[in-house]
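Please take a look at the structure below.

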Amino acid sequence: MNRRDLLTMIAAVTGTAMLGAGRVMAYVPTETGRNIFTPEDAAFLDEVAETIIPATDTPGAKDAEVGAFMTQFVSDCYTPEEQAAFREGMETLKSESQSRFGQDFEALEGEQRREMLQEAMIAAAARARVVAEAREEMRRQAADQQPAAEPAAEAQAQTEPDLPALHWFTPIQQLTLFGFFTSEVGANEVLRYEPVPGEYIGDLDYDGGPAWAT
């Protein structure tokens with residue numbers, strides 16, 4: 001699975017394009033800047049991600065240090081507005097854990113964690129459909145007003161800020177999947193790693209194993 005296929009898969013799973021994806025396309029140089037999150041934030045996100053991708057007979061999200069990845073990705077690739085929304089999502093999950101179970105999320109039993117995130121995932125999918133429908137309606141209106149493709153695209157881009165906000169769980173879910181499947185353990189021990197450049201084999205029998213990482 002290459003990066004483009006992974007981004008397509010994440011968009012299909014979460015019902016919307018991945019936030020910040022435009023900044024991580026291959027061959028575009030990026031720099032690691034100051035991480036605006038604390039190690040405690042990364043540890044919290046590790047626990048959330050591990051609930052989404054738990055270790056079984058293969059490594060889980062904590063083995064891939066997905067929490068640390070998320071904090072760096074959000075710091076480097078999200079806009080200030082997206083960063084604020086991401087933090088707000090973290091705080092929402094923490095407060096819901098306290099209000100429902102009287103404990104921090106990290107202290108919950110596995111079933112309690114899964115119950116919370118399953119509900120969040122369903123709500124996020126429903127919100128993503130609302131956003132997609134609103135975006136499509138804006139596209140139709142822009143096309144009606146500007147029949148030419150380029151002006152229509154510009155007109156639609158100007159209305160993007162007016163779209164409903166995505167659910168707070170969507171970026172956490174997206175970054176968990178992206179961070180895990182692009183990590184060393186995710187690529188080597190869950191997917192299959194194919195070194196590049198390597199031998200070219202144009203006709204290879206499929207043996208039913210997992211997808212390739214590269």
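Predicted model: local features only at pLDDT ≥ 70, side-chain atom pairs only at ≥ 80, totals over all residues.

Residues are numbered from 1 along each chain as its sequence is written, and side-chain values use heavy atoms, with hydrogens and water left out.

T51 sits in helix 2, which spans residues 39-52. Helices are DSSP runs of H or I with at least four residues, numbered from the N terminus. T51 is buried, at 14% relative accessible area. Buried means under 20%, exposed over 50%, and partly exposed in between, with a 1.4 Å probe and protein chains only. The T51 side chain reaches the backbone oxygen of E47 at 2.9 Å. Beyond residues up to four places away in sequence, T51 touches F105, R113, R114 and L117. Contact here means heavy atoms within 4.5 Å.

D46 is also placed in helix 2. Its relative accessible area is 16%, so D46 is buried. The D46 side chain reaches the backbone nitrogen of V66 at 3.5 Å. Leaving aside neighbours within four places in sequence, D46 is in contact with A61, K62, E65, V66 and G67. D46 and G67 are 21 residues apart in sequence, yet their C-alpha atoms are 4.2 Å apart in space.

**Salt bridges**

Side chains of opposite charge can pair when their charged atoms come close. How many salt bridges does a search of the whole structure find? The search finds ten. A salt bridge is a side-chain nitrogen of Lys or Arg within 4 Å of a carboxyl oxygen of Asp or Glu.

D41 is buried at 10%, whereas R87 is partly exposed at 33%.

E119 lies in helix 5 (residues 110-145) and R100 in helix 4, so this pair ties together parts 19 residues apart in sequence. E119 is partly exposed at 41%. R100 is partly exposed at 35%.

R114 and E111 are three residues apart in helix 5, so about one helical turn separates them. R114 is partly exposed at 45%. Elsewhere, salt bridges with shared partners join E136, E137, R139 and R140 into one network.

Terms used:
Helix = DSSP H or I, 4+ residues; strand = E, 2+ residues; numbered from the N terminus. Polar contact = N/O pair within 3.5 Å; in protein donor to acceptor, adjacent residues only side chain to side chain.
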